[in-house]
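Please read them with the structure open.

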Amino acid sequence: MAFTETRAGTQKTSWLAKNKLNIAPWLFLAPALLYFAIYVVVPIFESIWLSFYEWNGLYRADGTSTASWVGFENYVKLWDDPKFWISLKNNVLWLVLYMLAVPAGLFIALFLNQKTPGMRLYKSLFFFPFVISQVVVGLIFGWFYNPDFGVVGTIWKALYCEETVNILGNATFKCSRAAPDILSSPEFATYGIIAAGLWPQIAYCMILYLTGLNNVAADQIEAGRLDGAKGWKMLWYVVLPQLRPATFIAVVVTVIGALRSFDMIAIMTQGGPFGSTNVLAYYMFETAISEYGERYGYGSAIATVLFLIMLVYISYFLWRMYQDEKGAH
Amino acid sequence: MFLKTKSALAALAASAAMTTTAFAGDLVINFDDLNPGPKQAFEDAIAQFKSENPDINVIVNNNDREAHKSAIRNFLTADAPDVTSWYPGNRMAPFVDAGLFEPVTDLWAENGFNDDLAAIKATMSRDGEIWGVPYSYYQWGVYYRSDIFDLLKIEEPKTWDDLLAACAPMKEAGVTPFTIGTKFLWTAAGVFDYINLRTNGYEVHNDLTAGKIKYTDPRIVKTMENWKTLIDECGFVDNHASMSWQDAIAPFANGDAAMYVMGNFSVDGYKNAGLTYEQIDFFQFPEITPGLPRAEEAPADAFFIPTNAKNKEDARKWLAFVARPDVQTKWNSTMGQLPINSKAEVGDDKFLKEGFATLSTATGLAQFYDRDAPAAMAKAGMEGFQKFMLDTSTMMEVLTRLDEVQEEVYK
Amino acid sequence: MFPKPIENSSATVRTGYQAFVPVALFIWLLPMVAIFMTSVRSAEDINSGNVFGWPSEFALVENYIAVFERSQAAMYLMNSFMITIPSVVISVALACLAGYALAIYRFKWALPLFFLFVAGNFVPYQILMVPVRDMSVQVGLYDTIQGQVFFHAAFQTGFCTLFMRNFIKALPFDLIESARIEGVSEPKIFWYVVIPLMRPAIAALAVLIFTFVWNDFFWANVLTQGESAKPITAGVRALNGQFVNNWHLVSAASLLAALPPVVMFFLMQRHFIAGLTLGAVK
């Protein structure tokens with residue numbers, strides 16, 4: 001460096017030429033990095049900072065913020081907030097049950113991993129649910145569960161209700177038992193939403209495994225067959241070890257998907273009934289910018305907790321990547 | 001970014017966002033109702049105001065109600081109009097506290113509003129000042145299927161016992177007494193408010209929403225016990241937690257349910273569902289504690305002047321204009337609501353006349369639970385009410401939890 | 001191949017399998033089938049409770065026309081395209097540059113910066129929500145199409161960079177070395193040597209990001225307030241409130257919202273799956 005600096009004055013072009021491999025990456029990186037920093041990196045720290053304030057989102061007439069410093073008070077409140085614990089519990093439930101998508105995806109992938117005519121089309125049709133918006137999935141399942149005019153309601157009417165006329169002579173149903181109102185039941189609503197969420201997630205895992213299965217070494221399978229392995233044993237000892245990269249990614253995207261669950265809850269229950277289907281992601285949104293929210297500092301504290309949970313997975317993922325990179329060099 | 005002054009950015013945003021630069025003589029009014037009736041009423045009033053004040057150039061921004069609710073939080077600082085519509089009670093509190101609204105106490109004194117708009121004065125006040133001028137409100141009460149009542153020979157109930165007694169023949173005839181859709185929570189608060197107003201009166205409603213009495217107070221417990229009685233002896237439609245208020249009209253329109261505790265805006269919904277004025281009627285929520293002065297729910301809509309308004313002089317002219325009896329008469333008959341000015345006249349409509357009779361004789365007007373209580377309290381309270389409606393055995397658990405929230409919210 | 005290739009099995013098993021796959025597919029896609037059938041029913045069917053039987057008449061065209069006439073679906077769809085396409089272009093372009101820098105040059109910041117993009121791509125949206133919204137309000141991007149484009153483009157840059165960097169890393173480095181030895185400038189190497197090789201990756205990323213951004217619902221709620229800048233996902237939710245109990249119309253609108261990514265997926269299927277897995281499964 002010292003050497004180039006002494007010559008920089010006299011031979012500018014040569015300095016540039018000498019350092020072009022040092023400067024070029026920064027020029028290539030600058031736009032993405034700057035942009036990413038403004039919209040992603042900096043806001044993370046701002047949110048954490050804001051979680052130590054109480055703020056209703058308003059600025060005074062002169063443009064100063066109405067926020068006031070409260071230290072760790074928001075976190076103390078979180079600790080005593082049953083809705084926070086319900087949300088956290090539901091997040092755990094999502095994490096655990098969403099994991100079913102991984103074996104289910106593997107199962108479907110194994111089922112479809114054949115070379116019969118039309119298989120390509122079948123595979124892509126199976127993948128279909130992943131492509132459509134979660135909003136649409138939420139609407140479909142919300143309608144399915146509806147006890148009055150949805151699938152559940154219709155089946156229930158067929159089983160337990162008879163059609164009669166009411167006092168005014170209009171057609172109505174008399175039921176021996178009330179239809180189950182899944183999405184309004186504090187016990188079952190979350191399971192109902194997770195079941196809906198599993199549908200696209202299974203499709204996602206399936207496609208990861210199908211691709212993984214393409215790369216399974218045929219000779220090892222043959223070797224396994226010669227050793228007399230078949231069925232479960234073959235799957236467990238020969239195939240699954242080779243599918244480890246696919247499993248890893250399937251687990252990562254499923255964890256992320258579970259922790260990001262927002263759309264379905266917003267569409268199907270808005271966190272209800274009485275907050276029993278809340279997860280941290282939705283509770284944060286509700287606290288900060290819904291009609292009855294406007295508590296930005298408290299919302300940021302919830303977001304920070306969610307971020308820290310996610311950070312565990314992110315760190316693990318990065319650590320794995322780092323191991324791979326070290327191996328590659 | 002949040003914590004330092006942002007006037008530079010705000011100025012930049014304002015200059016970028018404003019397509020029409022306001023000059024002296026311009027009056028910018030932000031309004032929040034795109035529904036046909038209210039929109040027409042507002043536009044008519046604007047036209048009249050213009051013809052009376054030809055020198056004022058009125059610029060109108062009319063926005064969807066939900067969008068307005070979030071937009072106002074930004075435009076009051078960044079790009080303030082001269083007048084904006086908003087709501088009294090706790091809904092205006094954050095803006096008043098942040099110094100974003102201009103007090104109009106003197107305007108009230110100058111124009112005699114203290115008498116003419118007396119009914120709403122308390123709810124327009126905060127910190128000893130009055131903050132806006134209301135132009136409209138509407139009644140709440142019980143809408144019912146008069147054809148079903150006739151068939152079962154039931155009279156409009158006047159007392160709590162009448163109401164409970166009326167439910168028995170309905171249930172016998174296979175009619176669920178009440179419909180409701182609590183998916184979006186606030187409908188349950190309407191029922192709570194009424195039972196509370198009739199059990200304990202206006203003061204207790206105000207003290208509760210102001211955080212002065214606890215939810216486990218024996219008086220509130222009494223309210224909840226009455227509500228439990230209503231659920232047990234009358235009952236609400238099944239699956240109400242998965243229905244919106246519009247969904248809940250379906251069983252009412254079909255004759256499967258006979259009564260609906262609702263606001264007057266719901267009449268349009270009944271008409272759209274095919275009901276005629278011969279089939280539906282209205283009665284005031286029945287008396288529970290005998291002799292208690294009667295208070296009603298009457299959410300009001302009002303106009304406010306932002307602190308950052310540029311043309312406050314003409315803004316005050318507009319506020320004085322919308323309070324005038326003739327203006328309120330015309331405005332409210334067009335939009336199908338009630339004028340607040342006691343000298344104004346009410347439109348020719350069965351429900352408006354009932355509403356006027358209800359509200360003009362009331363001793364107190366509540367704004368509705370979710371406008372009188374702070375947002376965080378209202379949310380928790382309404383969730384609690386929904387939980388209670390789904391399982392009345394959770395009553396004390398709900399109330400105890402609400403005490404905790406209350407303690408935290410009001411500090 | 002695992003499990004055992006079906007063509008080595010007996011004829012009965014083979015036919016049984018081939019017959020069962022479509023059945024399984026039908027069950028798997030039953031929700032889609034149901035919503036499609038609902039979207040072609042007439043209002044009479046819905047009101048009379050014929051929700052599952054054969055439709056009494058097919059009202060496909062009427063229903064879809066009704067959606068456009070009775071709501072702002074056309075505007076929502078247009079908004080979605082205007083949000084999605086620029087987001088895809090910007091994020092993929094930026095990621096090509098950044099991915100190239102991180103894959104080709106050996107400098108000590110390469111790995112930490114790469115990890116920054118990767119980590120940023122995984123963070124929960126909520127940790128960004130308040131600051132991004134506040135920033136958008138202050139610079140006048142709140143409730144605009146551009147505001148959403150800028151955010152999506154920035155956020156997706158994280159994933160795109162992860163993807164591109166790994167892709168370029170797998171390219172033969174000799175090509176670049178030899179170009180350098182011949183004295184080709186760095187921008188020219190990027191443009192004439194690397195970009196042509198990146199075409200499949202660009203295609204894969206483009207379809208993938210298109211789907212991600214198109215299906216966004218959260219940011220549509222956070223960064224817009226009125227109708228004018230809403231994409232179709234948020235629009236469908238609004239329609240659901242507007243078309244109360246008109247399930248045939250809600251279904252039709254939902255299918256409209258789902259259609260573009262589906263078309264995209266089928267047109268670019270090979271790239272799409274390559275994209276999903278190449279960025280992920282190495």
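1. Where in chain B does Lys153(B) lie? Lys153(B) sits in the loop between helix H8 (146-151) and helix H9 (160-172) of chain B. Keep in mind that this is a predicted model. The backbone of Lys153(B) deserves a look: its phi is positive, about 55 degrees, and the residue is not a glycine. Most residues other than glycine have a negative phi. Lys153(B) counts as exposed because it has 7 C-beta neighbours inside 10 Å, and 12 or fewer is the cut-off for that class.

2. Asn239(B) belongs to the loop between helix H12 (218-234) and helix H13 (249-254) of chain B. Is Asn239(B) buried or exposed? Asn239(B) counts as buried, since it has 23 C-beta neighbours inside 10 Å. The cut-off for buried is 20 or more.

3. Next, a strand of chain B. Strand E7 (residues 140-145) of chain B has six of its six residues buried, so E7(B) is largely enclosed by the rest of the structure. Which strands pair with E7(B)? One is strand E9 (residues 257-263) of chain B, joined to E7(B) by five bridges and running antiparallel to it. Within that pairing, Trp140(B) has Gly263(B) as its bridge partner. Another is strand E10 (residues 280-283) of chain B, also antiparallel to E7(B), with four bridges. Here Tyr144(B) is partnered by Asp281(B).

4. Now the domains of chain B. The assignment gives domain 1 (7-138 + 299-366) and domain 2 (140-297 + 374-410). Taken over C-alpha atoms, their centres are separated by 30 Å. The contact between them takes 15 residues from domain 1 of chain B and 18 residues from domain 2 of chain B. On the domain 1 side, helix H17 (350-360) and strand E13 (364-366) of chain B each supply at least two residues. H17(B) provides the largest share of that side, six residues. By class, the domain 1 side has seven nonpolar, six polar and two charged residues.

5. Chain A is also divided in two: domain 1 (2-47) and domain 2 (81-294). The centres of these domains of chain A are 46 Å apart, taken over C-alpha atoms. A UniProt annotation from an unreviewed entry, "domain: ABC transmembrane type-1", covers residues 87-319 of chain A. That span is 70% helix and 4% strand, and its end C-alpha atoms lie 28 Å apart.

6. Look at Ile86(A), in helix H4 (residues 82-98) of chain A. Ile86(A) is buried, because 20 other C-beta atoms lie within 10 Å. Leaving aside neighbours within four places in sequence, Ile86(A) is in contact with Gly275(A), Ser276(A) and Asn278(A). Ile86(A) and Asn278(A) are 192 residues apart in sequence, yet 7.0 Å apart in space, C-alpha to C-alpha.

7. How many residues does each chain give to the contact between chain A and chain C? Chain A gives 80 residues and chain C gives 73 residues. Helix H2 (residues 12-50) of chain A contributes the most to the chain A side, with 21 residues. That side has 60 nonpolar, 14 polar and six charged residues.

8. The other is between chain B and chain A: 41 residues of chain B are in contact with 38 residues of chain A. Several helices each supply at least two residues of the chain B side, among them helix H1 (7-17), helix H3 (65-78) and helix H19 (375-390). H19(B) gives the largest share, nine residues. By class, the chain B side has 16 nonpolar, 13 polar and twelve charged residues.

9. Last, the nonpolar cores. The largest has 179 residues, and Cys205(A), Met206(A), Ala98(C) and Ala253(C) are among those with the most contacts inside it. Leaving aside neighbours within four places in sequence, the contacts of Cys205(A) include Ala101(A), Val102(A) and Thr254(A). Apart from this core lies another, of 129 residues, including Phe113(B) and Tyr260(B).

Methods:
Residues numbered from 1 in each chain as written. Chains lettered and ligands numbered in written order. Predicted model: local features only at pLDDT ≥ 70, side-chain atom pairs only at ≥ 80, totals over all residues. Contact = placed C-beta atoms within 7 Å. Nonpolar A, V, L, I, M, F, W, Y, C, P; charged D, E, K, R; others polar. Domains from an automatic or database assignment. Pairing = 2+ DSSP bridges. Core = buried A, V, L, I, M, F, W, Y, C linked by C-beta atoms within 7 Å. UniProt positions renumbered as here; feature names shortened; annotations may be inferred.
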